[in-house]
Amino acid sequence: MLPDTYDVVVTTGSLAENHMPVQSIDEFIRITKPGGLVIIVTDVKYLTTVEAYKDKLEPHMERLEQQGLWHKEVRTVVPNYDNTCDAVVYIYRIVRN
């Protein structure tokens with residue numbers, strides 16, 4: 001996939017046990033145009049119950065922001081997202097040149 005291709009990249013349900021690795025986020029940034037959005041939705045419990053994300057996902061997102069690749073616009077929890085669990089929604093704007 002070519003870099004700077006999409007205005008918006010959305011993933012929901014892909015950050016779960018035995019799904020995408022944390023480093024997949026780097027690819028989202030690469031394929032999203034500067035000024036574009038990356039929207040990530042996942043079950044809140046996965047942040048603490050999935051070993052691949054526990055103490056890893058949000059710190060990785062923060063490092064990418066510190067590197068000047070993107071800027072967090074929203075982090076919100078949506079209660080009862082799918083009638084069974086709460087979800088966390090992240091919206092980041094790509095700011096790299």
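In what order do the four strands of the open sheet lie? In this predicted model, the order is 1-2-4-3, and the pairing is mixed. The edges of the sheet are formed by strand 1 (6-12) and strand 3; each has a single partner strand, so one side of each remains without a neighbour in the sheet. Direction ignored, neighbouring strands are turned by 10° against each other on average. Strand 2 (residues 32-43) is paired with strand 4 in the antiparallel sense, over seven bridges. Within these two strands, Val38 of strand 2 is found opposite Tyr92 of strand 4.

Two helices are placed against the sheet. Helix 1 lies across strand 1, strand 2, strand 3 and strand 4, and runs at about 150° to strand 2. Helix 3 (residues 57-66) also packs on the sheet, where strand 2, strand 3 and strand 4 are touched; the direction of helix 3 makes about 150° with that of strand 3. In helix 1, the buried residues are Ser24, Ile25, Phe28, Ile29 and Ile31. The packing partners of the buried residues of helix 1 comprise strand 1, strand 2, helix 3, strand 3 and strand 4.

The largest nonpolar core contains 21 residues, of which Ile25, Ile40, Leu57, Met61, Trp70 and Tyr90 touch the most other members. At least two residues of this core are supplied by each of helix 1, strand 2, helix 3 and strand 4. The surroundings of Ile40 illustrate the packing. When neighbours within four places in sequence are left aside, Ile40 contacts Thr11, Leu15, Ile25, Phe28, Met61, Trp70, Val88, Val89 and Tyr90.

In helix 1 (residues 24-31), Glu27 and Arg30 are three residues apart, about one turn of the helix. Residues three or four places apart point the same way because an α-helix has 3.6 residues a turn. The side chains of Glu27 and Arg30 meet in a salt bridge, with an N to O distance of 2.7 Å. Both partners are partly exposed: the relative accessible area is 34% for Glu27 and 30% for Arg30.

A further salt bridge joins Glu73 to Arg93, with the closest N and O atoms 2.7 Å apart. This pair links distant parts of the chain, since Glu73 belongs to strand 3 (residues 70-78) and Arg93 to strand 4 (residues 87-94), 20 residues apart. Glu73 counts as partly exposed at 39% relative accessibility, and Arg93 is likewise partly exposed, with a relative accessible area of 30%.

In another salt bridge, the side chains of Asp43 and Lys45 meet at 3.7 Å, N to O. Asp43 is buried, because its relative accessible area of 11% falls under the 20% limit. Lys45, by contrast, counts as partly exposed at 44% relative accessibility.

Conventions: Residues numbered from 1 in each chain as written. Predicted model: local features only at pLDDT ≥ 70, side-chain atom pairs only at ≥ 80, totals over all residues. Heavy atoms only, no water. Salt bridge = Lys/Arg side-chain N within 4 Å of Asp/Glu carboxyl O. Buried < 20%, exposed > 50% of the residue type's maximum accessible area, 1.4 Å probe, protein only. Pairing = 2+ DSSP bridges. Axes fitted to C-alpha atoms, helices over the stretch in contact; angles between N-to-C directions. Contact = heavy atoms within 4.5 Å. Core = buried A, V, L, I, M, F, W, Y, C linked by side-chain atoms within 4.5 Å.
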